[in-house]
Structures are given as C-alpha cells and as structure tokens.
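Before reading the points below, please open the sequence and the model side by side. The note takes up one topic at a time and gives the cut-offs of each term where the term is brought in.

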4 protein chains.
Amino acid sequence: MAKSANRVGLWLVGACGGVGATALLGLESIRRGLEPPTGLIGHLAPFDQLRLAPLDHWVVGGHEIREATPWAAACEMHRQAGVFRAETLAACAASLKRCQREIRDGAIAHCGQPVAQMADRPGVHRKESAAGAVERLAHDISSFRRRHALRHVVVINIASTEPPFAVGKTHQDWPRLSKALARHGPSPLPASSLYALAAIEAGASYINFTPSLGIDAPALRQRAAQCGSAFMGNDGKTGETLMKSVLAPMFAARNLRVLSWVGHNIFGNRDAVALDDPANKAAKLRSKDHLIHDILGYRPQTLVSIEYIPSLDDWKTAWDHIHFEGFLGTRMVLQFTWQGCDSLLAAPLVIELARFAELAVREKFAGPLTHLACFFKSPIDVGEQSFAAQYATLVDWAGAQKSIGRTEK
Amino acid sequence: MAKSANRVGLWLVGACGGVGATALLGLESIRRGLEPPTGLIGHLAPFDQLRLAPLDHWVVGGHEIREATPWAAACEMHRQAGVFRAETLAACAASLKRCQREIRDGAIAHCGQPVAQMADRPGVHRKESAAGAVERLAHDISSFRRRHALRHVVVINIASTEPPFAVGKTHQDWPRLSKALARHGPSPLPASSLYALAAIEAGASYINFTPSLGIDAPALRQRAAQCGSAFMGNDGKTGETLMKSVLAPMFAARNLRVLSWVGHNIFGNRDAVALDDPANKAAKLRSKDHLIHDILGYRPQTLVSIEYIPSLDDWKTAWDHIHFEGFLGTRMVLQFTWQGCDSLLAAPLVIELARFAELAVREKFAGPLTHLACFFKSPIDVGEQSFAAQYATLVDWAGAQKSIGRTEK
Amino acid sequence: MAKSANRVGLWLVGACGGVGATALLGLESIRRGLEPPTGLIGHLAPFDQLRLAPLDHWVVGGHEIREATPWAAACEMHRQAGVFRAETLAACAASLKRCQREIRDGAIAHCGQPVAQMADRPGVHRKESAAGAVERLAHDISSFRRRHALRHVVVINIASTEPPFAVGKTHQDWPRLSKALARHGPSPLPASSLYALAAIEAGASYINFTPSLGIDAPALRQRAAQCGSAFMGNDGKTGETLMKSVLAPMFAARNLRVLSWVGHNIFGNRDAVALDDPANKAAKLRSKDHLIHDILGYRPQTLVSIEYIPSLDDWKTAWDHIHFEGFLGTRMVLQFTWQGCDSLLAAPLVIELARFAELAVREKFAGPLTHLACFFKSPIDVGEQSFAAQYATLVDWAGAQKSIGRTEK
Amino acid sequence: MAKSANRVGLWLVGACGGVGATALLGLESIRRGLEPPTGLIGHLAPFDQLRLAPLDHWVVGGHEIREATPWAAACEMHRQAGVFRAETLAACAASLKRCQREIRDGAIAHCGQPVAQMADRPGVHRKESAAGAVERLAHDISSFRRRHALRHVVVINIASTEPPFAVGKTHQDWPRLSKALARHGPSPLPASSLYALAAIEAGASYINFTPSLGIDAPALRQRAAQCGSAFMGNDGKTGETLMKSVLAPMFAARNLRVLSWVGHNIFGNRDAVALDDPANKAAKLRSKDHLIHDILGYRPQTLVSIEYIPSLDDWKTAWDHIHFEGFLGTRMVLQFTWQGCDSLLAAPLVIELARFAELAVREKFAGPLTHLACFFKSPIDVGEQSFAAQYATLVDWAGAQKSIGRTEK
C-alpha cells in the first residue's frame, strides 16, 4: 500500500454488486501482477505518461443497500457467469473480505420497486429527511477520507438504474432545493442525487455511471459550482451503445441513410432485475437510444429493448439490426451480435474514471469533466456522440496535460 | 451538360462492369434529380462548400476488355441483383447507351487466368510492346479529353483484381523500367500499371480502386513525380474492410485484446469470378487483412476468405467473428454480418474520388493524395488505418481548402 | 379455365392484403407456366399422385374491409418490398384486376383498434345484428359458388390478427350462442368467427390462417359438426415459428436442456401495423410461444416479441437466441436470423391448404382436418408440435389416400 | 462398481483427447450423482425402459498415441475452455487418474502429418507388420476384457480424422486383404481400420465416431460378417452437421429451393490441429457436406470450411448461410451461428453409442447397427439423412425391443 501522502479513495455507490466486486478484484489482482491490465486504458500509449495514481494508491469503500459483500458477489459471479480465474479469486480473498469494513448504509429514495425490494440492509430504511440522508452519506465519505488519510475521494455511482425522475421548479436553483431537502416527507431528490450532494458536501468528485438523475439538475450543478466540485456522467458506455457510437458515424461519413436501427439486449444479472421493471427500464432505454439521432442528424426509426433472461446471468447479449439505404435507393443490412460480460466491461472503466477524475482534480479542473465523454452514453454538457471524436478529445487533453507536466518540472 | 470550359472527364478502366454501370447510372439519374444523392459524401456538411465539380460537368469514357456495354451491365444487375428502380433505369437508357461510344480496348497483361478468359473484345489481344500499349491507352485518354474539351481527366481503375505482381529491380527506377517497356516479349508491368502510366503520359490523374499494383512501384512513382501527376489508391474500402477500420480502433481505444478476427466473405458477381482464382484472390486477401495489425499494434490471428457463391450475385455477405479478451482475462465475442450490394457501395466512392481528385488538381496538389485515405483499404503513403482518423483528415483538408477558397475571392 | 364440373372456389377473408394478392398472382402465373411451383408442396413426391385440384380449376373471391384491390396490393408489394418479377406482374394484370369483381364487404366485430381504423370500405360499417352479418357473409359465399358453378368452396381467413377474445358461457353450446347472435348490440363473436359461421352455413370448408378465434369455440364446433363441415387452423406456420417447430425437437432428441429461447421479430407490412397494437399482438405472441413448451415437455424461459419497423415492409426478420445446457452443465448458444418475405411464405401455404382441404372434403372427411397440422402454429385438436412429426402425418395420410384412390379405379 | 457378471467395457481409440477425457469424467460424475444426465439420450422417455447397461457397469480403457493422460486432458480443458465444474473435476480426480493404467500404445498408419507429429508415445513407432499391429491391438482389447471380466467390449474410434484413404482392389475381399496385411512395408490399411480389425478379432463391437475409413471397406465388412461383429459409423453428428440434417428437411418439406448453403467452422482444439492439414481436412469436409444433396434430392452449391483458430479452443463456432428461393422466385436467407463445445457434444453420444451397441449385441444384433444412424454424419448402409427420420427409426427400434423385453419376462 502507498504511503499516506499519495493515497486516494474510490467510493462506490452500490459497492457490493457485480461491477463493484469486479473493480475491487481487478484493482487488487492487477496491482499484484496476477492479471494483465487489459481493459485499463490508462496503460495505452496516449495516456501512459500521465501521472495517473497507480493502482496500489487506491483505497476502496462504498455505500450499499443490500446485505451483501464484495467477496460474496465475486464468488457468485465466478460460479454463475464463469468469470475470474479461480487462482486469482483465491489469492485476493483476504483483500476483498477486508473491504467489507468500508461499506456503509446507502439510500433508496425513488429508486423504484425492484430495487427497494432488494434493500434488505436494515439501516437504509431509517427515518430521515433528505437533508439528513445527505449529511449522513457525506459523513460516511468524509470519515473514509480521514480514516485512510486520503488526498482525494472519487465517488462513483454504480447502483441500479432508477426510474426517470421529473425535474421541476424545485430543482432549478439551489436555495429553493436546499429548503425542500430539509423538509420531512418524500425526498425531493432520488437517491442518486442524494449521493451526488453528499459527494459535493464531502469535497469529493462525483461520477454517475448510471442513467439515474445524479448531478444532472440545475440546482445540483449550482451547488457543485459553489463548492468547486468536479463531476461527470451519465451512464457508462460499455457494450451495445459503445458499438452504436462507433458504427453510426460510419454511416454518416459515407452518407448512407439509416432507415431503422433495432437493438435487442438480453441479460440476467441483478442490474437486469432492476431493469425488468418498466419504470426503471425507461431511463435506460432513453440513454441507449438518443445518440443515433445525435450522430446522424436525422431521426431514423430506432427501437431498443432490454429483457431479463436469468440463464444469461452477467453475459449481455445484444442483437442489432441496422437497415440502411445506399446509392440509388439500394437497401442493405448490417447486423451484429455482441456477447460481453457486463460487469467485466464496466469495471475497468470505473477504475479509469476514478484515476482520470482524480488527476483532473489534481490539475485543478472543476465542473463537468467533459474530456471524459468517451466513457458515457449521455456525457454531460457534450453534444458530440461519436466515440472516435470523444476519444480524440481525451487524447488531446492527455497531450495537453503531459506538456504542462513537462514544463512544470 | 455544362459549358465547355467547365467540363471534366472520368475515365473508367473496366467501364462495363457493375461498378462502372452503376457509377454512370448514378451520375445521370442524380444530376437529373431522379434519385437522391445518398452515398455521395460531397453532399455532406463538411464538404458541401467545396468547389467540387457538379455531377453535370462530368463526361465518362473508359477502357474495357469484354464485349460488353454499360447499358447491358446495368440491365443485368437490375434483373439479377434486383437493384435500380425500373423507372430510373428506363429514363437513363439513352444516356447509358450513348456512353458506349467512349469505350476503347483495354489491356490484359498479367491480369490472371479468369480475367484473360473473359477478355472477348478482339482488340485487347493485339500484338504490341508494353510501351506500345501505354502509348495506345494514353492516346485513348488524350483523344477523349480533346474530343470533349475537358479541363482535366481522372482515370480510375475499377477492373478485376490482378494476381500479386512481384516488384523487382526493373521497377526501382524509371529509366530502367522505361527501357524494359520498350522491349518485345512479356510485359514488365501488369495491366493496372500500364493504365497508370497511360494516365501519367496523358496528363490525367490516376486512382487505383483495386488491390492491383497500379502506380505503386518506385519507378512509376518517379515518373509520376516527373510529370507532376496526382494519384491515389489502393483498393476501395466499401464493406467488410470498412467495418474493420471502424471496429478495430474501438478495441484498441478500450484496451480490449483481440485474440482472433475471422472474416468470411461470400458473393457472386463477376468480381467474384476473378477472385475465385487463387492467384487473383491472394492480392485481395492481403489488402483486406493487414489493417487489423496496423491498427492494433500487435498481431492477433486473422483469417479472411472470399468465396464465389453465384446465387448471391452482387450481394456481398460477410460474417466476421471477433474473439477478444477483456478485463481479468474474460473472453467475449463480437460477430457481425454485412449484407451489402458491392457495386452500389463502390460506385459513389468512385464518383467522389473523381470529384475530390479533380478539385485537388485544380488546387495545385500533385503526388499521392493522402487526404483521400478514408476511401482505401491500403492507402498509399498513409500508415493511419482507422477510418475515423482518416475521415478527420479529409474533413481537415476540406476546411483548409474552404478557407483558402474564401480568401481567394 | 376448367370446365364447370371441376371448378372449385377459394374465398379469402382479407382478400386484398399482401397474402391474398400474392396467392392470386401465384395461382395465375404458375398455371400459365410463367413461374415455377416453388413453395407449393402438392408438387412434392409424397403428394404428386394425389388428385389435388389443379391450379387452373380454382376461382378466387373474398371479403375485404378496406377500399383496396388485389392488383393495387400486388403493385405496392412489387414497388416497396421488391418482390415479383415485373414481367410476371404485367402478364397477370388483367386477371388480377378481374378478380376485383368477386370482392365483397367484410366484417369488423372485435377486430381491434388499428384494424377498425383501416376499414374504409363503407359497407363494413352497416348496422346489423351478428346473425345478420353471418347471413350476409354466407350469402356472399353461396352466390359466388352458384355464379361460378363451383363444386366446393374453401374459405380461408387471412385477415389481420384480432385481439384475444374471451370465450365464455355463451360460447359453450350452439343453441345459446345462436340466440345471442340474433340479439342487437355488441356481437357475441369476433369477425373471424362470423366468417367461420358463414362458411358453415354456406356449406364451405373453413381454414383459419390467423391466431384469431375463428371456429375454435365449443358452440362453433357443435354447429360445424351438425352441418358436417370440414375445418382447420390456427395460424399459419411460415417462418420463425416453423423454425421453432423444427429446432426444438432436435434439442429434445439430444437431451440438451433449453434454458431460454428468445425470439425477436421485426417487420413492416400491414399485418405489422395491426400487431403494433398491444391487444392484437397478444394473440399472436401466444400462438408463437407455446409450442416450445409443448415439444420440450418442460418450461424454459421463452420470450417472443414482434415489432413494427416500416422500413422492412414485408421482409420479416427474426433473431432467435437459444441458450442451452449440454453435457456436464456446459452452456452453449444457437442463434439464427431468418430473413423471409412474409406474404410470399404464406401464400403458397394458403393455396395448398385450399387444395388439400378440398380433396379431403371430396374424400368425405369432415371435422378438424388434423392431418394438416404441419401448416399451423396451433393446430386444432393436435398436441404434436414437431414439424417433422406433423409432416410425417401428412405424408401418411397422402399414402392412405393414394392407395384408396388406386383401389377405387 | 457392478458385480462381475454385469460389467461391460468401453475401449476408446484416442482415449486421452478431449472427447475421451470428457466421456470418462461424465461417466464417473453422473453415476455418482454429481452431475445430471443432460445429453444422455438413454434417459429420454422413448428409451428409459430399455435395459441399457447402467453407467456404473462400465469400465473404460483405450489406445493412445500421445504421452498424455485423461486426467491431464480434463484439467487442460477446464483451464483453457472453461468447462467442467471445479468441484466435479476434483471429486473424480482419483478415478480419472486410475484409468491411466488401462491405456495402451495405439497405431499411426496413414494418419497424416499433423497426427504423426503428435505421436510422442514411443511404443507407437515400433516396427511391425499391419497384421502384427492388429494382433497387438486385439490383444490389448482382449486382455482388458479378461482383466475386468467384462461381458462385452465396445471399441469406439474417437482419434483424429485421417486423410481420405484410397480403397482399391486389395480392399475388395478379405482373403486378399489378409495376405496384404501380413506383408512388411507400408500398411495396406489406415490406423482406423487396424483398430476395426482388432475389435473384430477381439470379439468386440466397433463404432467409428470419425470420418476415417474404419470398417467401411468390403473386405473389412466381410471379415466382420464372418465373425458376427456388430459395428456402426461414420463420424459423429454433433453440431453444424446435426443442424444441417435438421434444417435441410424443412426446406424440402416446404418445397423451398436451396440455392446455396455455405458453412464456415472455426475452432481451436487438438482435433482442429489435425484438420488444419489439407489432407486430413478433406475427409471431414466430405463428411460434412454430402447430406444436403442427399436430403434435398438436387445439388445446390455447397461450401464448407473448417479453420483452426487457437483462441477458441474447444468452442466450435459455425456460421451457416442458407440462400433459398421461395414462392414466385423470391430469394430469402436463413443464417445461424452455433457456439458449441465440441468435446462436450461428442462425449455423451460416445457413451450412448456404447450403451446402445452393447444392448444390440445382447439382443443378438450383428452387422451394421443401422438404427443408430441418428448419431452419424455418414451412417453406414443408411440413405436417410434427415435427423427426424433417423431418430424416429431409433424410437421404433426401442419400441420393438421393449415389447420383446416385456414378453420375455
């Protein structure tokens, strides 16, 4: 473990799910040299000169609503989805079990029926105002930082997708929202936003890896600006949507007219259970769908479905059928099937988001970290949805940081 | 038709094949407003302010080795592959038939067994030295330019793929090659290179839309430099390889390790007949395969096949299976099937290559037109194989031309 | 056209849709030798000795609810879906137009919102009791038979799928239902069943090519038995479900355990418009789904969707993902994509159902024609859902008929 | 273990490959109740009343040409292909290791270059005449039977595919072949046939699970008839070809005309190494290809490839593209991808072939066991290639055996 001065913290909201367990196992096994850093983009040429915090500088904790542990989650994934080498899992057992001490009670406001049903951790059902919840969650993060003498903490929301939340007048400015939070009764914010506020109040950065509201309302943005917080989101771009953001620009650049783009996703992990509820699913579908229109500049018919198929467990299988018109009205078809393991695609992005966000804060960035757009389905304050263009932006940012780094020395 | 001063010429080598017939029908039907310009990238926002020669400024002629006509080729495609609207075809009949007057005898040196067998146009079998052939072909192009008072001619090779041609000592400098060409006996160059030389000698630009040798030998490059010719190639990037150049960068940018990339292509048009010969196929496979290694920077196993399946006619169907390793050694799979009509994908690229090349010459560019890399599987003098990066280069070039254009006025 | 004594009639409910137009064009073009009999199973070895009525003995008429004609429908399909040879269509134009004289007003009781909206033929909205509607429809069929001196008429329902209809007490016996029909007010039966009754009353056979209720209620079966009617259904097995009935037995016969079977269907013709309504879709999904359980003998998770994608028109594309467990718990996957033209798959089955049903009636069969099970997704009174087994039954039946035929002579 | 009187033997040629190791592990784990009998068809309703020898009556031994063990093979598969539960493997370790005692030196005559290179077991290179080899191999089998007091032994060839072997005059009658075998010099038979002869001489049954020659030559059939041997083959039908034998009958039964059927297979296990040699591959391709013609009764274009892709290991992935013509010449496409684990598909068939063959011998069957056709790509003496029809034959056979069984008691 690193010396105190260099330690940084990763605080995972939903720490005991598949992504959390995988991120933990990955951090531990890669820093020990048990596994190669495949999937971690910080090791790629454009970024390997950046002063990203090394894996062994990171301490991990988090919020959780279920009676669960990262170790149990990792074992379940190994058994059911067939992932992780048995030797790697065994070698990291002690470390994963130890992490359990850093798990605290989460929040469940407006998280939707299936998620509320999973919330068997007694503490999450305590009576408290929204402001009280924020204070409690912020205290968890601050204590974590102090306890481990961390230079900075990055909070990343990897909890289940919440139903769409109607942003209204109350959410337009911080003073008004602040008053609403103090009132008892139904929370004026969903859990994802309570965590965001808690991160702001605790001086941490906030990354929303889900399509939930998170920090994406004017009042919350105001508060973040007041506190000089860095943040980014929304919704990690891991599989089918990554493909969309890679393929749609091709059709645009060849002036091939997309007539319809149909995407069917099937999978069976806990995330899928949450998405099996129409309310929760609605938010996800919106996040997966918009970028085709954004990239093409017109609106072909799009259809995207997500279905819960337990036998597939963590193996997300997507079939996309793209019907397009070429020269002289000729209609052609591209189909793809993507068979990826969702948590294993998400976890390395979570780790790198923590590392890139922490570096940005160290380099005095605040506000939306728009150079991280390539990680997200719906990047905050970024209109460009082409993956290649987003990635080029990150490479450029890295180039700028490196030259700054060189001149500083 | 445009006034004389603005007329430009497109000279197609292999004018009566599917691509040639489609390009002709496309030029005619789109300039008449019978069809939309789908597939023509010159109509996209980054390029629509460029002073590309409008479609009705183009006159088309070409070389051919078969007793065939563009009109018959278009009718055959309509009947067998089900492409082209019947009304469009009928409306353009006179124009396509008229084009037949501009077809001249081609050349068949080292073009491979199946192509030689198709060459039923008597004139292509005349006895002549390679130099004689070049002179004859160049004369065809020059006469065409004079006959129609064309400002410039772009020669584009869309003939069948030739077998790989061994470049030796003779091909290292122009004086040596020049002497070899004058000798009688087997030609020291394949037909694609004779056409390239003819284009150079006739003051035309030369674009190689095939993986044949074309202009890609030191001696030919020397000659082009002496004459100030503009040129580009090789091998139009229309379908499966386009997909590779779009998808491989995604794996690279996510640090996902490609283990194997298998691509099987099946189709049944005349191009497939040529490729059904192992010698001719070899050149094509090489051109389709290399870019995965170039983009990834390491060498996963790659396999690419092309098979002749007559029932598919012009409908190229490709299945690609990409096996890759993600975080913690987890193996995942992406598969795609591409069902595209080959000639309909190629023809708009041919038209735009002519327009962009002509503009470049007008703007005083010479040598390899590397900004056109995004059109090719194996772009001359360009190492970057990512489609998005290549396209960005073209957009940048266009931006530079536009600002020059503005200041000139 | 055949001599009077041999003429038989095919009465199509929904005659001016894609299936109706295709069946008409097929009958006409194949009997004239313009097209081969591909898709007509009566020409296969096991059946070619049966005394099926030849194609030129058939006269076609039908009910329709839209202001539409078979000729317009055929032209629209040619234009939009790219089916039918232009020459064939032109050669049969007069015949298709002539058929328009034999189209009568249909019925729309309980046919669902999207279908009712299409019903722009004024006569279908007349005020009448259900009994009155049956009488009117039966009169249309009887007149048709007399007008053309037909030996027998087969009524086939190829109209849009109706929403599921709740069968209650009223539908348990004929006297009770008979009284209910005579009352004014909402019809106690959906349109598909009114047509079934009309067929019974007119002495015709009734085939239900859709998943609508049709004849499948006790009271209707009673009435059919009283009148000695032959009938069969439900829901033609044309594409994805045909595949299911072929593949599921393979998994059963290898003792491979199906874990989940997901099928997504996309298409864009008028049938899809009707199915885009959740009520109408429900009936279809039920019909497409049950047979996997029936064949396997246990209940893996199944999911089937049908989505309306206008750009695909008549081209039904289905993706099925079958997750199964083999030896020692090893999980494997079979995926297929089916790209079929729906009307072109259905129409030859409609013709052969007419021919096989007419032969059965000639051979004195009545009641459910269970030997025709291989044509249906949900064959009446047949538990066996394996296509191979169903087909073997039809072959056996044909064998029996042939030997009877031989001894008779 | 069963009492002596009931014990039966399974002798595997190529015992230490993936199929052998899997069969051993399967026998052991299922008889102990550690794994369910998924994949064993003897447990299906049509067969569960047959007096098949229970799994715990079987003793396993075999020939092998490599320095390898079933235990090492099983561990390698677990590690590389991710198959077998770790607990199951551990529980059966002692049993698999013990089996090693029953492995004897195999033979390598005409087995092809890649197989010969793998043959690192010194004993397989001994100098011996073909007759000597047969005698040695037969002695191994007989000793095995005596050592374990086995009622009967079934020999199953699961070794790598041999190159096609030219059957000539020598192979037309047994006396002539017998003489040739006794001569020194190159063997007049490939290894697969030497094993077949050894089985015959040892009084065992012989099953050829590969496309190698095996027992399929007149002289060998004569010898088998003289000795009253039971036998069957050739080439187990496990995946892509199973699909062909299931799907081709569907096209036939719907009178849909197959235009082309392309099948590409990729996998990476040891079998694939052997098949990577053009000579060995030729035999396999022939076996995978013929049945489409046999079933359809005409010859559409067929193409089948097998490629060695090491990253896939035992996971055979096949893509089949079936282009067919329906009603009125409409061209449609069915594609499937099959992702199966080859050894896991083969092993349960091997076990059941042993059990069904042993029962047949007990019931006094001899000669070709044609009722077992559904297990094979190229069933000996069976023209019917439809899987459903072949399976129906086995069900009928079982029905006949059961009724005999009942009357006997």
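1. Strand pairing between chains. S10(A) and strand S10 (residues 331–341) of chain B pair in the antiparallel sense over 7 bridges, where strands and helices are DSSP runs (strands E, at least two residues; helices H or I, at least four) numbered from the N terminus, and where two strands pair if DSSP finds at least two bridges between them. Within this pairing, Val333(A) stands opposite Gln339(B).

2. Basis of the note. This is a predicted model, in which local features need pLDDT of at least 70 and side-chain atom pairs count only at pLDDT 80 or more, while totals for chains, interfaces and linings use all residues. Residues are numbered from 1 along each chain as its sequence is written, chains are lettered from A and ligands numbered from 1 in the order in which they are written, and side-chain values use heavy atoms, with hydrogens and water left out.

3. The interface of chains A and B. Here 58 residues of chain A are in contact (heavy atoms within 4.5 Å) with 58 residues of chain B. The two chains bury about 4600 Å² between them, 68% of it on carbon and sulfur atoms; buried area is the accessible area, taken with a 1.4 Å probe, that two parts lose on being put together, summed over both. On the side of chain A, Arg254(A), Phe327(A) and Leu328(A) lose the most area to chain B, together 21% of what that side buries.

4. What the interface is made of.

5. Covered elements of chain A. Of the 11 residues of helix H8 (residues 191–201) of chain A, 10 are buried, so this helix is largely enclosed by the rest of the structure; buried means under 20% relative accessible area, exposed over 50%, and partly exposed in between (1.4 Å probe, protein chains only). H8(A) is followed by Gly203(A), whose phi is positive, near 75°. Strand S8 (residues 301–308) of chain A is mostly covered as well, with 6 of its 8 residues buried, and 8 bridges join S8(A) in parallel to strand S7 (residues 257–267) of chain A.

6. The sheet of chain B. Seven strands form an open sheet in the order S3-S2-S1-S4-S5-S6-S11 (chain B), with parallel pairing, and its edge strands, each pairing on one side only, are strand S3 (103–105) and strand S11 (367–368) of chain B. Strand S6 (residues 230–233) of chain B is joined to S11(B) by 2 bridges, and Phe231(B) stands opposite Pro368(B).

7. A loop residue of chain B. Is Leu55(B) buried or exposed? At 8% relative accessibility, Leu55(B) counts as buried, although Leu55(B) is found in the loop between helix H1 (18–31) and strand S2 (58–64) of chain B. The C-alpha atoms of Leu55(B) and Arg31(B), 24 residues apart along the chain, are separated by 5.8 Å.

8. Salt bridges within chains. A search of the whole structure finds 76 salt bridges over all chains. One of them joins Arg126(B) and Asp105(B), with the closest N and O atoms 2.4 Å apart; Arg126(B) lies in the loop between helix H5 (113–118) and helix H6 (130–147) of chain B and Asp105(B) in strand S3 of chain B, so the pair ties together parts that are 21 residues apart in sequence. Arg126(B) is partly exposed, with a relative accessible area of 39%, whereas Asp105(B) is buried, at 17%. In chain C, the side chains of Glu358(C) and Arg362(C) meet in a salt bridge (2.7 Å, N to O), and both residues lie in helix H13 (residues 342–362) of chain C, 4 residues apart, about one turn of the helix.

Terms used
A salt bridge is a side-chain nitrogen of Lys or Arg within 4 Å of a carboxyl oxygen of Asp or Glu.
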